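Have the viewer open as you read.

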Amino acid sequence: NQHTDYILGEIYKGNHDIVGFSCYIWNISQILEIAQNLKKINPRQIIILGGPEVSFDSIELMENEKYIDYIISGEGEKTLKELLGYLIDGGDDIDQLKGVTYRKKGMVLKNKSRDFINQLDTIPSPFDEEIRFDKNKIIYYESSRGCPYNCSYCISSTFKGVRFFSLDRVKEDLSILLDKRVKQVKFIDRTFNADKKHSISIMKYISERDNGYTNFHFEMVGDRIDDEMLQFLSGVREGLFQFEIGVQTTYNKSSESIDRNVDFKRLSHVVKTISSFKNIHLHLDLIAGLPHESFDRFFDSFDDVYRLRPQKLQLGFLKLLKGSKIRKEKNKYNYIFQNHPPYEVLGNDAIQYAELLKLKGIEGILEKYYNSGYFQNAMEYLLANFYESPFECYKDIAGFWESEGHHHVFHSRNALYKNILDFYIQKGFYGRKLFEEILKLDYLMYQKGSLP
């Protein structure tokens, strides 16, 4: 969240011989800007890039961006260590370093790829008893790498298999994080419950060592949560766990086209059961712009998932990531998408940009009036009395916002209450006084002080 000029200055002050950057869709533009300026300031400084955003087109990138000295493709732990050994101590010849793209005699060359690290415990842990944490920061943690699924929009679709850190290693790390009372540990495993024994052992350890403060976030496949795990989850402390479950679509044709088969009936049962426990925050995801799913069919997916009443429903938009299968199949579905990160979809043969734009407006309304949690009673009243479809309700509110120009400016929370009342009045719904009282209830439940 800091300006690139500030970051550039702070790196420069370090007077470093070598600077390395991990590159993702959310930071690659800033990194290239910073790296280019670092090279201008100090041409002798060595610039190394790594990460998913540079792993798939390293030769082309280095040919276009002359200030990059090396790119590491794939997993970087071993490769970076060997490359630093070469740069500092003059170790093995650069030609022998697997996973490295480099310059030689005016040419850009790429060595053979490096195999994945099978024994993940050989990677040193970044945590020890002496480490200090900012209690307000999120700790990102991995207990596995890879995914048993091969969803075509995901980078994990480029390789197969799942590798796990040992339970002893994971427990040792988590013990430190629990003792330090960090605010949240967010597991970045692609599918945390890929292996039931592994996942439930970790969750049971966390529950047994619960410090009453730290929260743990997991990405779960909903239809793989069995009755034994549900029984365990029913007894965990409220707020200890939160689950992010990717539904993406309820249209079977779309699911099949992206190599993602979900038993939505089982997933619905799992979500409803966990919701009944009232102890775990549930975050469900949808993706707009998938193959075959038109605007009208997305309408159904939205309603299917909304009716499960998760604490958060995220409406995301497909990104055609470098290296992903769906990007390679872009012509099959007539995809158009942004040339620059985040490579978001602009249309395909099932949905047009104008329709995606409408979904963007609905996404904004969903964030304000559902995911915020501040309008729970008001939205339930609207849906119970005036709409059979949740999607139709949010579409109408989004249309009202655009007609009034509300989407052009930032709105305070107080303004959000006024705007939804104005929408109610414009629609001519009966019971205005009752709706005003419901809005007052929502306001007083979540706002400090008296009514405005």
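Predicted model: local features only at pLDDT ≥ 70, side-chain atom pairs only at ≥ 80, totals over all residues.

Residues are numbered from 1 along each chain as its sequence is written, and side-chain values use heavy atoms, leaving out hydrogens and water.

Now for the spaces. On a 1 Å grid over the protein atoms alone, a cavity is a set of points where a 1.4 Å probe fits but cannot get out, and a pocket is an open set with protein on both sides within 12 Å along at least five of seven lines; lining residues have an atom within 4 Å of a point. Points are joined across faces, edges and corners, and a volume is the space filled by probe spheres set on them. The count comes to one cavity of 30 Å³ or more. Thr4, Asp5, Leu8, Glu33, Ile34 and Asn37 line the largest cavity, and helix 1 (4–13) and helix 2 (28–41) each give two or more residues to that lining. Helices (H or I, at least four residues) and strands (E, at least two) are DSSP runs, numbered from the N terminus.

| Space | Volume | Lining residues by class |
|---|---|---|
| Largest cavity | about 30 Å³ | two nonpolar, two polar, two charged |
| Second largest pocket | about 560 Å³ | nine nonpolar, ten polar, five charged |

In the second largest pocket, 24 residues form the lining, and the closest to its centre are Arg309, Pro310, Gln311, Tyr370 and Gln376. Strand 11 (241–248), helix 9 (264–277), helix 12 (353–371) and helix 13 (376–386) each give two or more residues to this lining.

Next, look at helix 6 (residues 196–208). Its buried residues (under 20% relative accessible area, with exposed over 50% and partly exposed in between, 1.4 Å probe, protein chains only) include His198, Ile202 and Tyr205.

What about disulfides, meaning pairs of cysteine sulfur atoms within 2.5 Å? The count comes to zero. The sulfur of Cys23 is 18 Å from the closest cysteine sulfur, in Cys154, so that is too far for a bond. For Cys151, the closest cysteine sulfur is in Cys147, 6.1 Å away, which is also too far. Cys23 is buried at 0% relative accessibility, and Cys151 is buried at 7%.

Terms used:
Disulfide = S-S within 2.5 Å. Nonpolar A, V, L, I, M, F, W, Y, C, P; charged D, E, K, R; others polar.
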